[in-house]
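Have the structure open while you read.

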Amino acid sequence: MIVTLEELTAAALKALPVPDLARLSGAQLEGHVCVWGGESLTAATAVTVGECEHVGRRVFLRGCRRDVARHAMSALFDHSTGPKACVGCREGGGCPTGRALNLLLRAAT
């Protein structure tokens, strides 16, 4: 199964509890500050969550390693286990959402 970067980004943004974009600061929308905790980010501390369109402009959502790992792990657990689990993940075949969350988790740890 070939999955594009755009599909992975869309899957990650859909699965993660990203705060309401209308409530984020300009620095958060530009990727300079963690979308969850609000701390300043550097190239060494930031993990890109995804890019999307918001109010006619491109935004770059990033988080600190700690917050991305925490949210990606929780979202991956919710997505791939339990009675409402993704069939593809449950049967071992995977899916774009599971793959995106795994990649985010690896990038953060």
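## Starting at S80

In which helix does S80 lie? Look in α3, which is where S80 sits. Bear in mind that this is a predicted model.

Is S80 buried, exposed or partly exposed? Its relative accessibility is 22%, so S80 counts as partly exposed. Buried would take a value under 20%. Setting aside residues up to four places away in sequence, S80 touches A85 and C89. From S80 to L5 there are 75 residues in sequence and 21 Å in space, C-alpha to C-alpha.

## H71, another α3 residue

Helix α3 covers residues 65-80, and H71 has its place there. With 14% relative accessibility, H71 counts as buried because the cut-off for that is under 20%. Once neighbours within four places in sequence are left aside, H71 is in contact with L16, P17 and W36.

## The nonpolar core

L16 turns up again in the largest nonpolar core, a set of 29 residues. The residues with the most contacts inside this core are L16, W36, V49, L61, V68 and L104. Who supplies the core? At least two residues each come from α1, β1, β2, α3 and α5. As a general point, nonpolar side chains in soluble globular proteins tend to be buried together.

Helix α1 (5-15) has L8, T9, A11, A12 and L13 as its buried residues. Those buried residues pack against β1, β2 and α5.

## The hairpin

Now for the strands. β1 (46-54) pairs with β2 (residues 57-64) in the antiparallel sense, over eight bridges. To find your way along the pair, look for G50 opposite L61 in β2, and for E51 opposite F60 in β2. In a regular strand, side chains alternate between the two faces of the sheet.

What sits between the strands of this hairpin? There are two residues, and in this hairpin V55 takes a positive phi near 50°.

## L29 and its contacts

L29 is found in helix α2, which spans residues 26-29. At 7% relative accessibility, L29 counts as buried, since that is under 20%. If you ignore neighbours within four places in sequence, L29 is in contact with L21, L24, H54, R57, V59, F60 and L61.

For a sense of distance, L29 and T9 are 20 residues apart along the chain, and their C-alpha atoms are separated by 15 Å.

## The largest pocket

How much space lies in the largest pocket? About 320 Å³. Its lining is made up of 15 residues, and L5, L8, T9, V49 and G50 are the ones that lie nearest the centre. L8 and T9 are also among the buried residues of α1, while V49 is one of the residues with the most contacts inside the largest nonpolar core.

α1, β1 and α5 (96-108) each give at least two residues to the lining of the pocket. The largest share, six residues, comes from α1. Sorted by type, the lining has nine nonpolar residues, three polar and three charged.

Note on methods
Residues numbered from 1 in each chain as written. Predicted model: local features only at pLDDT ≥ 70, side-chain atom pairs only at ≥ 80, totals over all residues. Heavy atoms only, no water. 1 Å grid on protein atoms, 1.4 Å probe; cavity = no way out; pocket = protein on both sides within 12 Å on 5 of 7 lines; lining within 4 Å. Points joined across faces, edges and corners; volume = space filled by probe spheres on them. Helix = DSSP H or I, 4+ residues; strand = E, 2+ residues; numbered from the N terminus. Nonpolar A, V, L, I, M, F, W, Y, C, P; charged D, E, K, R; others polar. Pairing = 2+ DSSP bridges. Buried < 20%, exposed > 50% of the residue type's maximum accessible area, 1.4 Å probe, protein only. Contact = heavy atoms within 4.5 Å. Core = buried A, V, L, I, M, F, W, Y, C linked by side-chain atoms within 4.5 Å.
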